[in-house]
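Have a look at the picture, then read on.

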Amino acid sequence: MTLFEDRFWSSRDGLKLHFRDYPGDGASDERRDGDGLPPIVCLHGLTRNARDFEVLAERLSPHRRVICPDMRGRGDSEYARDSASYNPVQYGEDLLELLAQEGIDRFVAIGTSLGGLMTMGLATMIPDRIVAAVINDVGPFLEPAGVARIKEYVGQGRSYPTWVHAARALEDNQSEAHPGQPLDFWIGRAKRLMTVSSGGRVVFDYDMKIAEPFLGYDVDDQPDLWPAWEALAGRPVLVLRGALSDLLSAATLEKMLRRLPGAEAVTLENVGHAPTLDEPEAVAAIERLLAQAA
């Protein structure tokens, strides 16, 4: 049984963008928002897509509508004509178009990595519309080691003959973030992150040009994102951190909690960047937050 519908919206510069829409139990012809509760909008990381949230969305959608967009250049969304538009500000503007199309005034944001940065940015633009937020393994300051690691692989355009080959390649590159995981885990990760090309090879499911703006990011001249973090004050906020994360340090997380009293933080053991949100501790924490988000 398919729990979601593939749907589309348009950006202001004319791209056809895709999202998964999980309307929840008892959906009718109208979009269902789970007894009137604000829907959940899941925002993926730099090289990820809507499939990144499929396990979490299936768990949460019986109670609320869940929307998982593919940002431009990812998944089933069109690739941008100008690679300079692959930036968080543009992604935020694209998302506002989706919210307008769907008539969503208030929502819960769940953002992984880049999606977490997008959530903080949206809090400065539309603060009254974000009911609650989950920030997954990212903060106002990015650790240089984590940025350097991402720069090493983003936009490389590698391909593989089979899903097992793709899974083994992911394991080679990401085993420090998910140590001790079996082959089935890595095949699952590969199928979220990759697709089969027209030539029959398994490839990453994003436009390689998303790397161009990111490779120019200067960790020694980071923008001041602390005001964006503080813009989330006054609503339930959860920060998830992998204990092995090289992008969000324990020191930055501690500072985040000082700057936003009342936010909850959960550190997931034996996980790096980024938690998959399938972890029992992560799911339990997200469900606690949702219980406060009406």
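## Rings and charges

The side chain of R20 sits over the face of F4, 4.0 Å from the ring centre. Keep in mind as you read on that this is a predicted model. There's a second case of this kind: K16 lies over the face of F8, with 4.5 Å to the ring centre.

How many aromatic pairs does a search of the whole structure find? It turns up 5 of them. One of these is W9 with F19, an edge-to-face pair whose centres are 5.9 Å apart and whose planes make an angle of 65 degrees. This pair ties together distant parts of the chain, since W9 belongs to strand β1 (residues 5–10) and F19 to strand β2 (residues 16–22), 10 residues apart.

F214 has 17% relative accessibility and so counts as buried, while Y217, at 23%, is partly exposed.

## The eight-stranded sheet

Now for the strands. An open sheet of 8 strands runs in the order β1-β2-β4-β3-β5-β6-β10-β11, and its pairing is mixed. At the edges stand β1 and β11 (264–268); each has a single partner strand, so one side of each has no neighbour in the sheet. Going from one strand to the next, the twist averages 20 degrees.

On one side, β3 runs parallel to strand β5 (residues 107–112), and 4 bridges join the two. β3 also pairs with strand β4 (residues 66–69) in the parallel sense, over 2 bridges. As for where its side chains go, I40 and C42 point one way from β3, V41 and L43 point the other way, and all are buried.

Helix α10 (residues 280–291) lies across β3, β5, β6 (130–136), β10 (237–242) and β11, and runs at about 170 degrees to β10.

## The three-stranded sheet

There's another open sheet, of 3 strands, with the order β7-β9-β8 and antiparallel pairing. Its edge strands are β7 (159–160) and β8 (194–196), each pairing on one side only. Between β7 and strand β9 (residues 202–204), the antiparallel pairing covers 2 bridges. Helix α5 (residues 163–174) lies across β7, β8 and β9, at about 160 degrees to β8.

Here are some bridge partners from both sheets.

| Residue | Bridge partner | Strand of the partner |
|---|---|---|
| V41 | A109 | β5 |
| Y160 | V202 | β9 |

In soluble globular proteins, nonpolar side chains tend to be buried together. What does that look like in this model? The largest nonpolar core has 49 residues, and F107, V154, W229 and L232 are those with the most contacts inside it. Helix α3 (residues 114–125) supplies the largest share of this core, 5 residues.

Which residues does F107 touch, leaving aside its neighbours within four places in sequence? F107 is in contact with P38, P39, V41, L99, I126, R129, I130, V131 and A132.

Apart from this core lies another one, of 27 residues, including C42, C68, L277 and A293.

## A glycine in a loop

One last stop is G45, in the loop between β3 and α1 (54–60). With a relative accessible area of 2%, G45 is buried. Leaving aside neighbours within four places in sequence, G45 is in contact with T112, S113, L114 and G115.

Notes. Residues numbered from 1 in each chain as written. Predicted model: local features only at pLDDT ≥ 70, side-chain atom pairs only at ≥ 80, totals over all residues. Heavy atoms only, no water. Phe/Tyr/Trp six-rings, centres within 6.5 Å; stacked < 30°, edge-to-face > 60°. Buried < 20%, exposed > 50% of the residue type's maximum accessible area, 1.4 Å probe, protein only. Lys NZ or Arg CZ within 6 Å of the ring centre and 35° of its normal. Pairing = 2+ DSSP bridges. Axes fitted to C-alpha atoms, helices over the stretch in contact; angles between N-to-C directions. Contact = heavy atoms within 4.5 Å. Core = buried A, V, L, I, M, F, W, Y, C linked by side-chain atoms within 4.5 Å.
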